[in-house]
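Here is a short briefing on a structure. Please look over the sequence and the coordinates first.

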Amino acid sequence: MILNRLTIHELQNLIRAGEATSSDIVQSVFERIDEVEGRVHSYITLMKEHAFAEAARADQDIKAGKIKALTGIPIALKDIVCTKGFLTTCGSHILHNYMPPYDATVVEKLKEAGAVFTGKTNMDEFAMGSSTETSYFGITRNPWDLDRIPGGSSGGSAAAVAADECIASIGSDTGGSIRQPAALCGVVGMKPTYGRVSRFGLIAFASSLDQIGPFTKDVEDCAIMMNAIAGYDPRESTSVPLAVPDYTEFLPRGIDGWKVGIPKEYFIEGIDPDVSEAMQRVITTIEGLGAACVGISLPHTEYCLAVYYIIAPAEASSNLARYDGVKYGFRSQGSSDLLDMYKKTRSAGFGAEVKRRIMIGTYALSSGYYDAYYKKASQVRALIKRDFEDAFTRCDAILTPTSPTPAFKIGEKMDDPLQMYLSDIFTISTNLAGIPGISVPCGFTREGLPIGAQFLAGHFEEGKLIQIASAFEKQANLEKRRPNL
Amino acid sequence: MKITKDEVEYVAHLARLDFSEAEKSKFTSQLNDILMYMEKLSQADTVGVEPMSHAIALQNAFRDDIVKDSLGHDLSLSNAPEARGPFFRVPKVIE
């Protein structure tokens, strides 16, 4: 038995039966990292010594019978969540040496649940990208085809799970940065409702859109991870004080009698034919489970990309104003005065895509343009949210492809920002409306690349997503393939 | 043209960024493409629609005012590129 290939729930069963220790599991994960990390590059920073020490501590707890939901389980963290005493770079030169003096809430919660951290994963700089090619620390490769991108921005977290370099991981999703790489790497990824998981200690990109969520090998693990990280946090004023259900209770419920909305705006020309075929099979599978698939319309879909690429850069230009070379991070030397130091530091510290978005955002918020761009985008955003509210009066959940294409080649879209932005076309509406979404594997292309199906539900209905994704996963009976690394 | 090179220079100054001439030309052309795409929004009818700032409308997110330990000077300054005593040190601000 190869421990690092197993799921959280399988490993928990072994731990409880005394058939594996956390130290065994961590050993197995780090052997795998030694074997494949040189080719995949999922991580920016490994926490090997810390992981073995924590595993030994978990084994003491296990011996004493104190076993929690994640006790002894190796979990990787996107390098955008603050870890006390461990570098947190956000994939950027400007934070290359940043050592947070505190843990993010999600890190505290995972620790409380018993998790053992393996390291910090690679990502697009400041989470701005769809391919993990903009990281200051080099690219991550897709474990299914090393010439292709893993998706982004949480590409390292997705690749680490797909390559069995951890058991589960944490990512963040502002416009699809969990769901798109999950689809492209053949793993499960969930973006919870805005406000469901605390953003305290998450380095901000676009504060009204950012949300933390898990990458896992199956839907049951997704429920286990959501149980650990969801909930109100008094330190985060947009986290919502609502009770959190036990998400594992939704796993066996099935979807008999459900109505699943198929939005016509998401089944359009230009989608890869293998992706289209896979989606038809998902529809057949769902209907086989007793659900009715009904045609719906989300009429403002065509505006989502434009709205997103105004609102996200506008918020980012404000959030990233804090990187000024004064309080932490990189500072350029040899400046004549303070203004010169700011400009030199920011120009040398940020990469091209981050600067491009700061420029778009600053322009959109600048005097004379605010009404035409930011205000207009915020109004259309309200219409997009209304589309979903209307749709959910007619269906329980919505099905779409997660990404219009499978993983593309490294370098293919780097010189054309608009083409790169289009890879998020099916995921960004979710963030604009604040609703939860999940991507589950639903097959492979003829070339053997993974395809993901996305389910969406109303605010705080993550349980429904677990329910439908779990029912689909069991019924679909997908071929158990693994990347050939 | 939605945006000229002069405007790119002005916005760069607002954003505290410096660009080389080659970067300025490249950014001007790329920002033009992106802003042309944004034009799409003018087709959307938004008469009487309230702009939306957050997906979940929360009001007055209060919490109890409980005094807790703060980071303190040492930890606060531990990441500073340059510090002296209890201060962050920067190049001169005024003549």
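The points below cover a helix pair, a buried helix and a chain contact.

This is a predicted model. In chain A, helices α2 and α3 have axes that come within 8 Å. Helix α5 of chain A is mostly covered. Chain A also touches chain B, through 55 residues of chain A and 41 of chain B.

**Helix pair α2(A) and α3(A)**

- Helix α2(A) spans residues 22-40, and helix α3(A) spans residues 48-63.
- Their axes cross at roughly 155°. Angles over 145 degrees count as roughly antiparallel, so α2(A) is roughly antiparallel to α3(A).
- On the α2(A) side, the contact uses Ser22(A), Ser23(A), Val26(A) and Phe30(A).
- On the α3(A) side, the residues include Lys48(A), Phe52(A), Asp59(A) and Ile62(A).
- By class, the contact of α2(A) with α3(A) has eight nonpolar, two polar and two charged residues.

**Helix α5(A)**

- Helix α5(A) covers residues 155-162, and eight of its eight residues are buried.
- Among them are Gly155(A), Gly156(A), Ser157(A) and Val161(A).
- Just after α5(A), Asp164(A) takes a positive phi of about 60°.

**Contact of chain A with chain B**

- The elements of chain A that give two or more residues to this side are α9 (304-319), α10 (338-349), α11 (352-365), α12 (371-391) and α13 (417-422).
- Helix α12(A) gives the most, with 11 residues.
- The side of chain A that touches chain B has 28 nonpolar, 15 polar and 12 charged residues.

Methods
Residues are numbered from 1 along each chain as its sequence is written. Chains are lettered from A and ligands numbered from 1 in the order in which they are written. This is a predicted model: local features need pLDDT of at least 70, side-chain atom pairs count only at pLDDT 80 or more; totals for chains, interfaces and linings use all residues. Axes are lines fitted to C-alpha atoms, for helices over the stretch in contact, and angles run from 0 to 180 degrees between N-to-C directions. Helices (H or I, at least four residues) and strands (E, at least two) are DSSP runs, numbered from the N terminus. Angles under 35 degrees count as roughly parallel, over 145 as roughly antiparallel, 65 to 115 as roughly perpendicular and the rest as oblique. Two residues are in contact if their C-beta atoms, placed from the backbone, lie within 7 Å. Ala, Val, Leu, Ile, Met, Phe, Trp, Tyr, Cys and Pro count as nonpolar, Asp, Glu, Lys and Arg as charged, and the others, Gly among them, as polar. A residue is buried if 20 or more other C-beta atoms lie within 10 Å of its own, exposed if 12 or fewer, and partly exposed in between; C-beta atoms are placed from the backbone.
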